[in-house]
Amino acid sequence: MYDIIIIGAGITGSFIAHNLSKRQCKVLVIDKEADVANATSMANSAIIHAGYDPKPGTLKAKLNVLGNRMYPDICKELGVTYRKCSAFVVAVDPDESKILDTLKSQAEDRDVTCIDRSGEDARKLEPNLSPSVIRALEFPDTGIIYPWNVAIALMEEAVLNGTELKLCEKVVDITKTSSGYTVTTDKSVYESEYVINAAGLYADRIYEMALKSKPDYSIIPKRGEYYVLDEMAQTVVNRIIYPVPGPAGKGVLVIPTIHNNILLGPNSDITDSPDNNNNTASALNYVKQNVGKTVINIPYDKVIRTFAGLRPSGNDGDFYIKESESLSGFVNVACIDSPGLASAPAIAEYVINEVMQGRFNYELKSDYIHRTPIKYMNELDDEAKNEMIAQDPSYGEIVCRCCLVSKGEILDAIRRPVGATTVKGVKKRVGPGLGRCQGGFCEPLVVDILAEELGIDKTQVRYDSPDSVMLVDKM
Amino acid sequence: MGVITKDIVIIGGGSAGIAAAVCAYNNGCKDILLLEKDAELGGILLQCIHNGFGLHRFKEELAGPAYAQKWVEMLDATDVEVKTSTTVIHLSADRLITYVNPREGYVTIKAGAVILATGCRERSRGAIATPGFRPSGVWTAGTAQKYINMHGYMVGRRVFILGSGDIGLIMARRMTLEGAKVLGVAEIMPYSNGLPRNIKQCLDDFDIPLYLSHTVTDIKGHDRLSSITISKVDENLNPIQGTETDFDVDTLLMSVGLIPDTALATEAGIKLHPKTKGAVVDEHMMTSVPGIFACGNGLHVHDLVDFVSLEGEEAGLSAAKYVKGELTHDKSLEITAGEGVSYVLPTYIDTKAMEDNTELKLRVGYNARNVRIVLSCGDRQIKEINKLRIAPSEMEKFPISRDELSGCTQNLTISVKEQ
């Protein structure tokens, strides 16, 4: 019997699990994916928005601003990279400038730092801004992270402190019992007092399993597509460049990433399935056309990848975070579309301290263990690197030439709690395959290392899900 | 302790790098260090177990590893210092090199001359933004070749290949011989990008269809690849709606171009060529940064390894001269690609410092028969060569002597003209 079962190991589920792991309660996290942060949390803009644009009075407005302020400390505590890179929201005509007026006043109301700049002033700081930009609002507290690295670190620390995690397990039924809930998966049956539904794109289906009828919200998957540019293109922008927001959301952005790539995107298209995370030629063209309105001189010959992600949007535009009215102890943390990532740490506190006020009052643990951060060789000076290599020569063996990832880092990513079990899992944690060769050189080496470390044949190594077979036969 | 210095440091121990080392050594430079990231010398040749290498160089048809072995033996006969499993991390314009390996850690050395022989990488599915899902089973042809030929693992059973570059064609045959069904090869251009002999020996001989003016427009499969769609393209290379054909395959191999690896060249501030994506060089293979030379597929993509070795030797010879102070770097003529030529190397030629004879290397922009390749200086035609046949897949060489260039003061243009 668990105290709490969390369904979904995305960024929201991970923050909730991490928060609860500091208390004396028994928590199980279940996810159908092969890794933590593998769907919406994997494919998004990776921005910690400052919180000036959600509509006043919404949960989004409240939690975005709070979450943005929590991230720097949380990332430091977890030992993952957070970079405050700042952002411009730019206007190209007087109508758009009026929208900036609204954003500016919302920012002032929420105590979000905002600098009003002329187009000329803005272009001095960002030379590739389009000549048609007439004004820009700068939000210096805007940050970037690798969402999956944050989620993985949170879950790792939660597991170190007793949280149980079941991956590749799909919830198939939830039934209310006298003492709580029976959660049935395709592999096992679990009992718990409370259920937290953080199932992202599948949240409405999970809730329906428990309710045995249609819930009062539905998830509308909205697909966003992106280009990724090689780090050689990193000088295109220094900050995130947003157009003015419109009915479809924040618009098409130009975004620096932690590894010095540039993301271009996203568009926003409603799709009919939560699995439709495919790229389409039309959306990629749309992204190209719209990026050009705010930023010029984009080197499209430096594109190294495209990807698409799905946002789990709700019906009314706001997050849906509440306890079920008919199912006591069943909490929906649903419709977490943008700014879900930026809000996630505040969402966890909101769920525990406000939604479930008084009921999750488990005592704090006195023996809480912090994770040991992954040592990224790129972040060390030469002397520290050489100390690492002297202790463990595998840190001197470069596996990924593009991102300069050593074998030692890959072994660490596999061997630690919530370690990588797949090629994609290794890529998410330490980066081989994120660079310009897209794994062309390093993937066979990563497959070798995984097979050896996991004690399996290479034909058993997976790219991601159990069905994502790579090598089919030994010759 | 001061920084260790070496007369010549060669980055990359593939066909270009080994040839550069051997040639520099045999031309009087004995203090040479060759750095190779893999555990063995030979580079990409080691996974090219098909034959066809060495016809020009050794007058015999060798498999890739055998061709590499011949060069490694020549290298073994020298005192060139070799470090394998050693990755170069940094290169600066003043020729400071930082490398790392498990034995020494991070080490910075200073070179009198540097030869970049870094090879190329394959353009990936991501780089050409092929729409669709992102399942496993989509690889570049060279990565699949490595899995099969070096690791001994089969990558799939029903295969489609996008791009008719040589590696894609070789892999069509290789996969077929290993029992896979290759359903076809699509090429976006109206002509193949591979060598004619490979079209014949790898596709025609196995009845594998080649779909010219076609590209992959969709990829399906949430886990492993389940099917792809190809479409015909119009003259602007845009897919034509209504021409889609689906293929149920578990594997898609991409052979859509090779790009010189210029990460280190870029860091050192070396000027890059807009067309080759490699460095801009003069006739001594010297880049825009004095003392740094480039050669092989890290400079521009070759179709025959024999010519990669030859270019490595040119760079080796030049670097040896440079460290001995015998290479002058005077004001040079610029050579540009004219009509019908997609690129020409070198970009600069110094009529005073050049050898008696040299060669321009060029790729043409289209297939044609009975044409002339013409080198002009302003309005004046300097030299022309008749060609029965030209193709973008085959590098053309254009010999030129110092005498022929005497009196040239303006920039040179090389073009394809009808006879």
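**View 1. Domains 1 and 3 of chain B.** The centres of domain 1 of chain B and domain 3 of chain B, taken over C-alpha atoms, are separated by 26 Å. In this contact, domain 1 of chain B supplies 13 residues and domain 3 of chain B supplies 16 residues; two residues are in contact if their C-beta atoms, placed from the backbone, lie within 7 Å. The side of domain 1 of chain B that touches domain 3 of chain B holds three nonpolar, six polar and four charged residues. Here Ala, Val, Leu, Ile, Met, Phe, Trp, Tyr, Cys and Pro count as nonpolar, Asp, Glu, Lys and Arg as charged, and the others, Gly among them, as polar. Chain B is assigned domain 1 (1-122 + 257-329), domain 2 (124-256) and domain 3 (330-419), with bounds from an automatic or database domain assignment. This is a predicted model, in which local features need pLDDT of at least 70 and side-chain atom pairs count only at pLDDT 80 or more, whereas totals for chains, interfaces and linings use all residues. Residues are numbered from 1 along each chain as its sequence is written, and chains are lettered from A and ligands numbered from 1 in the order in which they are written.

**View 2. Strand 28 of chain B and its partners.** Strand 28 (residues 412-418) of chain B pairs in the parallel sense with strand 21 (residues 333-337) of chain B over three bridges. Thr336(B) has Thr413(B) as its bridge partner in strand 28 of chain B. Strand 25 (residues 368-377) of chain B runs antiparallel to strand 28 of chain B, and seven bridges join them. Within strand 28 of chain B, Leu412(B) is the bridge partner of Cys377(B). Strands (E, at least two residues) and helices (H or I, at least four) are DSSP runs, numbered from the N terminus; two strands pair if DSSP finds at least two bridges between them.

**View 3. Domains 1 and 3 of chain A.** The C-alpha centres of domain 1 of chain A and domain 3 of chain A are 29 Å apart. Ten residues of domain 1 of chain A contact nine residues of domain 3 of chain A. Helix 5 (residues 147-160) of chain A gives six residues, the largest share of the domain 1 side. That side comprises eight nonpolar, no polar and two charged residues.

**View 4. Chain A against chain B.** In this interface, 45 residues of chain A are in contact with 39 residues of chain B. The chain A side divides into 21 nonpolar, twelve polar and twelve charged residues. Strand 23 of chain A and strand 11 (residues 153-154) of chain B run antiparallel, joined by two bridges. Lys474(A) stands opposite Tyr153(B).
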